[in-house]
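I opened this notebook to record what I looked up, one topic at a time, for someone meeting the structure here.

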Amino acid sequence: MQKIGVIPGDGIGPEVIKEARRVLDAVAEKRNLSFEYEEFPIGANHYLDTGEVLADETIQRLSRKDSILLGAMGDPRVKPGILEKGALLRLRFHFDQYINLRPVKLYEGVPCPLAGEGRRIDMMFVRENTEDFYVGLGSRVKKGLSMSSLSLIRKTYEAKFDVGVDLTDEDELAFQIGVITKHGAKRVMDYAFQLAKKNGIDLVTAVDKANVLTEMYGIWREAAEEASTKYGVAKEFQYVDAVALHMVRNPERFKLLVTPNLFGDILTDLGAALQGGLGLAPSGNINPAGISMFEPVHGSAPDIAGRGMANPVGAVLSASLMMETLGHEEAAADIERAVKDTLKSGRFRTPDMGGKTSTHAMGDAIVEKLKRK
Ligand code: NAD
Ligand code: IPM
Ligand code: MN
């Protein structure tokens, strides 16, 4: 019996998680697996009702789970960052989920205006997930001398920054500090190059902006060099701006990309567009030795929430990634195959794919395919 914490979250989160849960129930029955679920009401409603974003006690309860499945965080009624940083990022950091794994695959039968029909798009993003410009260190200061005492506390290290800013004019200044540690870069590179080796991928693309952010991505590049030598897998360095261009012009050239946190966030939305839309893109926040958390790449989509229009495929494929990580490779493959077959038929398309299929009907179609094979 494996224990799964479920955080449906905000907007379309609960709608897509419901379908992912149904697919998990179907695959559990088929493969004779058993999971115990517990739902956690983290998100905008809970915050607006109680003033609490994420209680320490909730984190303690989640620490006893084998895995976590999450819908989305964020709501227009709540100031940007409160839920995203206070719940989602806090969980990623607390559980030291230092890898954000985001496969970009264009399945047959998926309409994709960006890439066109029949393209062979299949790349994996390994996004760094606990450092970079996401560390949350920053401040706003006004004229005069201001001291900011900022601290970064991670499982593996603590760093304190005492930043004094002397602003000479009547103006306001904001700064945010990006951080990359050698250890943080190394473990991501180890993961990426090992994954490449395991999957017979002969070239890893290391993405950065080392021509401008020379310090942070200097460390990043050294770590990539070392991992390339260590695992005997070739690497290329590419600047993030050029990667954006090549992803649109020639996406087939990429097999595995390893990216810093912020660039990975942006490029994987572009990746989602290449795979037919945000509604189809899955992800996993992975701690290889701890508790991982799976969620679609998309957010709470307030523009379509509550209307049964959301595409549940990204959430369902995230559940497939979860199965793989929990050691149920056949169940993972079953789910992916059921999604593939559903999409291939061309009969089931949610509105984002230009069709009329509802969230629930899409879930039904996937469950049916799963049961049949
Ligand atoms: P979004 O991903 O929620 O939506 C972007 C666009 O994609 C919208 O037009 C939306 O309708 C569409 N879309 C997204 N998912 C879809 C699906 N499953 N099916 C069909 N269409 C889908 O991004 P946003 O609008 O920038 O952000 C909305 C909120 O979500 C914000 O509060 C943001 O901070 C948050 N957010 C959370 C996560 C997360 O929880 N991991 C990710 C991204 C954004
Ligand atoms: C994502 C989201 C998050 C991120 C936000 C909501 C913190 O955009 O999962 O892609 O930037 O990682
Ligand atoms: Mn994002």
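Predicted model: local features only at pLDDT ≥ 70, side-chain atom pairs only at ≥ 80, totals over all residues.

Entry on ligand 1. I looked up the surroundings of ligand 1 and found 21 residues around it, the closest being E84, E295, G299, A301 and D303. Sorted by class, this shell holds ten nonpolar, six polar and five charged residues. With H298 the side chain takes part, one of its N or O atoms lying 3.3 Å from a nitrogen atom of ligand 1. On its own ligand 1 has 800 Å² of accessible area, and the protein covers 69% of that.

Entry on ligand 2. Around ligand 2 I listed E84, L88, L89, R92, R102, R127, Y134, D265 and V297. Which side chain has an N or O atom 2.7 Å from an oxygen atom of ligand 2? I found that it is the side chain of R92, and I noted the corresponding distance as 2.9 Å for the side chain of R102 and 2.8 Å for that of R127. The protein covers 79% of the 320 Å² of accessible area that ligand 2 has on its own.

Entry on two helices. I looked at how helix α1, residues 13-31, packs with helix α11, residues 359-372, and found an angle of about 15 degrees with the axes 9 Å apart. Because of that angle, α1 counts as roughly parallel to α11. I also recorded that α1 passes α11 in a right-handed crossing.

How values were computed: Residues numbered from 1 in each chain as written. Chains lettered and ligands numbered in written order. Heavy atoms only, no water. Near = heavy atom within 4 Å. Polar contact = N/O pair within 3.5 Å; in protein donor to acceptor, adjacent residues only side chain to side chain. Areas by Shrake-Rupley, 256 points an atom, 1.4 Å probe, with all protein chains shown as cover. Nonpolar A, V, L, I, M, F, W, Y, C, P; charged D, E, K, R; others polar. Axes fitted to C-alpha atoms, helices over the stretch in contact; angles between N-to-C directions. Helix = DSSP H or I, 4+ residues; strand = E, 2+ residues; numbered from the N terminus. Parallel < 35°, antiparallel > 145°, perpendicular 65-115°, else oblique. Left-handed = near helix turned anticlockwise from the far one by under 90°.
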